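Hi,

Here is the structure I said I would pass on.

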Amino acid sequence: MKILVLTKRQYSGYDLLDHRFGRLRELPLELAGLGHVVMGIALRYRRKDEQTITDSDPSGKINVTWHPINLRNGLVPRLNRYEARALDIAKVFGPDVIWACSDAYHAIFGIRLAAKLGIRCIVDLYDNFESFKATWVPGVLPRFKRAVQSADGVTCVSQSLAKLIASSYGRQGASLVLENSARTDLFTPRERKACRKQLGLPEQAVIIGTAGALDESRGVNALFRAFELLLTKKPGLHLALAGPRSRFSNIPMEPMVHDFGTLPLDVVPALFNALDLAVICNRNSAFGRHCFPQKAYEIIACRVPLVAAAVGSMNELLSEYPECLYEPESANSLAQVIERQLEARTIVNFRAPSWADSARKLETYFQDILQDRVN
């Protein structure tokens, strides 16, 4: 197959091409590894170099060509420029299918571009885009829902999101639940002492922590408050943090708090392996109920004990590990679960899927759509 991927360049606080990050980088590369020809168009909402970029796997033998396009080519955003350039690139490439990802705008445009080319379009919902502020612009949500309804296929990051679009969007066709996965070549068990030494963390301390978006929209303030509660009982407890955050984040200013900012992806496994306990925060919100935190499988792949907010996909993933779940946004509940887990050290004992596993599912779904086997 020849697959054209449409996505924004910045998502989840990272740059898809600079940081080589996440679902929208890993799955196209894995599809290329399965023998398909994959090309991507990455829209940047701020101005940057538009030079074509070739992304490769570690061997250098598997490649995806990316065409960055700026929404702004001056002071004024020009959507028509992006659409014209994307159409020109697509005509030369001649794709069999479009995978339209990353937000409501790309879903809408992907359907429109596929119609012009006379090909199939699959929309990817890696989160509940209704919860994105950009979708709140008047007129966007109804167009987005129509795009999802009319798409030849839809890939959803969670079972709850697939149920939402079936019940609220009026979509009749089958969707594929395609959870976020882990770089299992990176996220592996490592020796804790060595990881702490690498990061400059105290070797003998008890350390809890997290990596990812440190934003109240993810309920991370519950972790900060829980940590302060636990310090009254465990004064030697330390907290390690990494990830993008807003300027309003209330990160505690304590000497036992280690804030690493935004770490390179290849250093995040060292942070997880340095922890006695990893925390997955979330809120019971339109976002939290339908997302699938990528860090969940990354932590599981490292075989590090974890606790997670009991909301959405984490309720399903950890159904056999209720002792690992806390009440969302409740610092008291989180503190209690952390305290119990520091004693029990429960490991979630199943294999974390790799991006290669997910790519094989996606490949089959694409092939079924192209051969009219999906109803």
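Predicted model: local features only at pLDDT ≥ 70, side-chain atom pairs only at ≥ 80, totals over all residues.

Let me begin with Ser 102, which sits in the loop between β7 (97-100) and α4 (104-117). Its relative accessible area is 0%, so Ser 102 counts as buried, the cut-off being under 20%. Its side chain has a polar atom 2.9 Å from the backbone nitrogen of Lys 8, and it also makes a polar contact with the side chain of His 106, at 3.4 Å. Beyond its neighbours within four places in sequence, Ser 102 is in contact with several residues, including Thr 7, Leu 24, Asp 124 and Phe 132.

His 106 turns up again where α4 meets another helix: it is one of the α4 residues that make the contact with α3. The axes of α3 (residues 79-93) and α4 come within 11 Å and cross at roughly 45 degrees. The two helices are therefore oblique to each other, and the crossing is right-handed. On the α3 side the contact involves Tyr 82, Glu 83, Ala 86, Leu 87, Ala 90 and Lys 91.

Which residues of helix α5 (residues 140-150) are buried? They are Val 140, Phe 144, Ala 147 and Val 148. Seen down the axis of α5, these fall within an arc of 95 degrees, so they line one face of the helix. They pack against α4, as well as β8 (120-125), β9 (153-156) and α6 (159-168).

Best wishes

Methods. Residues numbered from 1 in each chain as written. Heavy atoms only, no water. Helix = DSSP H or I, 4+ residues; strand = E, 2+ residues; numbered from the N terminus. Buried < 20%, exposed > 50% of the residue type's maximum accessible area, 1.4 Å probe, protein only. Polar contact = N/O pair within 3.5 Å; in protein donor to acceptor, adjacent residues only side chain to side chain. Contact = heavy atoms within 4.5 Å. Arc of directions from axis to C-beta. Axes fitted to C-alpha atoms, helices over the stretch in contact; angles between N-to-C directions. Parallel < 35°, antiparallel > 145°, perpendicular 65-115°, else oblique. Left-handed = near helix turned anticlockwise from the far one by under 90°.
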